[in-house]
Amino acid sequence: MATAALASFSSLSLHPSPLSPPSSCSSLRTHLSLPRRLPLRLSLASSKDLDTSFFDELNPSDPQDLPFEPPSIPEGYSPPVPFYELPPESEDDIAAAFEELYGPAYSGLTVAGNDIYVMDGKAKKSGGFGGQRKKEKSKDGFEERVVQVRRVTKVVKGGKQLQFRAIVVVGNKQGQVGVGVGKAKEVVAAVEKSSVNARRNIVSVPMTKYSTFPHRSDGDYGAARVMLRPASPGTGVIAGGAVRIVLEMAGVENALGKQLGSNNALNNARATVTAIQKMRQFREVAQERGIPMEELWK
C-alpha cells in the first residue's frame, strides 16, 4: 500500500503552471517588479576584542559576589505619609485642583454667544456680558456715611469733563474716624474712591468714660472754623452738618459742636478732624509735666 502511494506521488508533474508565481526569489522579484534589495553587512566584533577580565573572578548571577548596597538615608529625613492616611479632600479642593490643571469646566450654558464656566462648584459669568459683579465691601469694622455728592466739571482744551465728587466719613464708633474725598465719572466709583481715601486718614478720638471730649477744642481748615465742647451724660450730639456726622461715626455720644466759618461740608469735616487732633488725655498732659493727675485741677 505504501509502495503504491509512493508510485502515485512520483507520477505527479511538478512543473509550474502559467498562473502559479515563480519559485525562485529572483524570478519572484522580477515578477512583482520589486526593487533589488541591498545586501546587509554586519560588522561584528570578534571575541578577542571584548574585555571579559571583570567576570574572571565574579559571577554576576551570584548575589554574594555583587551585593546590593543602597544609599544611606540623609539626616532629618521623614518618610511621607501614605495617601490612605491623609484626610479626605472636599469637593471644593478637588474642583480647585482640576481647575488648576485643566482650567474651569464648561457649565453647558451659553449667553450672548459666550460660554459660562463653573468655578468652585458654582456658575459664574466670565467676561463683560450679563452685567458687572458687585464689588464686595471690605469687612474691617468701619462704617461708611456719605456726607455730600456734587457734580463738578473740569475745563480742558476740548471742552468740559463732567465728574462727581463724593465726601465720605468712615468710623468704627469706638474712637476712630476718617474723612475722605474722591472723584470719578460715576457716583458709585466716586464713593468707593473716597472711602478708600478716608481709610488712609484714620485718626483716634480721645474720649472719657462718658463718651465725650476731655476738654474744649477749636479747629479750622481753610475758611471753615469748628468749635467743639464736652457735654454731660444724656446731652447727646448737638451739632449740625458734617460736624455731626464726624462725631457720630467716631462714637461720641455727648458733645456740642458749632460751625463758625464757611458752610463748605468738606472743609468743616476736616476742621472737625483738626480740632480732634488737638485734644489730649489728662494722663498724657500729666506725664509730660511730670506731675500726678490730681494736681492738674489745682
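**Entry 1: Asn-267**

I began with Asn-267, which I found in helix H6, residues 265-277, where helices (H or I, at least four residues) and strands (E, at least two) are DSSP runs numbered from the N terminus. Before going on I noted that this is a predicted model, in which local features need pLDDT of at least 70 and side-chain atom pairs count only at pLDDT 80 or more, while totals for chains, interfaces and linings use all residues. I also noted that residues are numbered from 1 along each chain as its sequence is written, and that side-chain values use heavy atoms, with hydrogens and water left out.

Is Asn-267 buried or exposed? Asn-267 counts as buried because its relative accessibility is 19%; buried means under 20% relative accessible area, exposed over 50%, and partly exposed in between, with a 1.4 Å probe and protein chains only. Leaving aside neighbours within four places in sequence, I listed Tyr-221, Ala-223 and Ala-224 as the residues in contact with Asn-267, contact meaning heavy atoms within 4.5 Å.

**Entry 2**

I then looked up the open sheet of 4 strands in the order S4-S5-S6-S7, whose pairing is antiparallel; two strands pair if DSSP finds at least two bridges between them. Its edge strands are S4 and strand S7 (202-204), each of which pairs on one side only. Neighbouring strands of this sheet are turned by 15° against each other on average, direction ignored. Helix H6 packs on the sheet and touches S4, S5, S6 and S7, and its direction makes about 150° with that of S6; for such values, axes are lines fitted to C-alpha atoms, for helices over the stretch in contact, and angles run from 0 to 180 degrees between N-to-C directions.

How many bridges join strand S4 (residues 143-156) to strand S5 (residues 159-171)? I recorded 13 bridges, with the two strands running antiparallel, and a hairpin through 2 residues that joins S4 to S5. Within this pair, Val-146 has Val-168 in S5 as its bridge partner, and Val-156 has Gly-159 in S5.

Next I traced an open sheet of 4 strands with mixed pairing, in the order S8-S9-S11-S10. Strand S8 (217-221) and strand S10 (237-238) are the edge strands, each pairing on one side only. S10 pairs with strand S11 (residues 255-259) in the parallel sense over 2 bridges, and the bridge partner of Ile-238 in S11 is Leu-256.

Helix H5 (residues 242-250) lies across strand S9 (224-230), S10 and S11, and runs at about 150° to S11. I also found H5 lying across S4, S5 and strand S6 (176-184), where it runs at about 135° to S4.

In the loop between H5 and S11 I came to Glu-253. Which residues does Glu-253 touch, not counting those up to four places away in sequence? They are Ser-211, Gly-236 and Val-237. The C-alpha atoms of Glu-253 and Ser-211 are separated by 5.4 Å, although the two are 42 residues apart along the chain.

**Entry 2: Val-81 and the whole chain**

I found Val-81 in the loop between helix H2 (25-32) and helix H3 (91-102), and this residue counts as exposed because its relative accessibility is 51%.

Finally I noted that the protein chain has 7 helices and 11 strands, and that 23% of its 298 residues count as buried. Among contacts between residues at least 6 apart in sequence, 49% join residues at least 24 apart.
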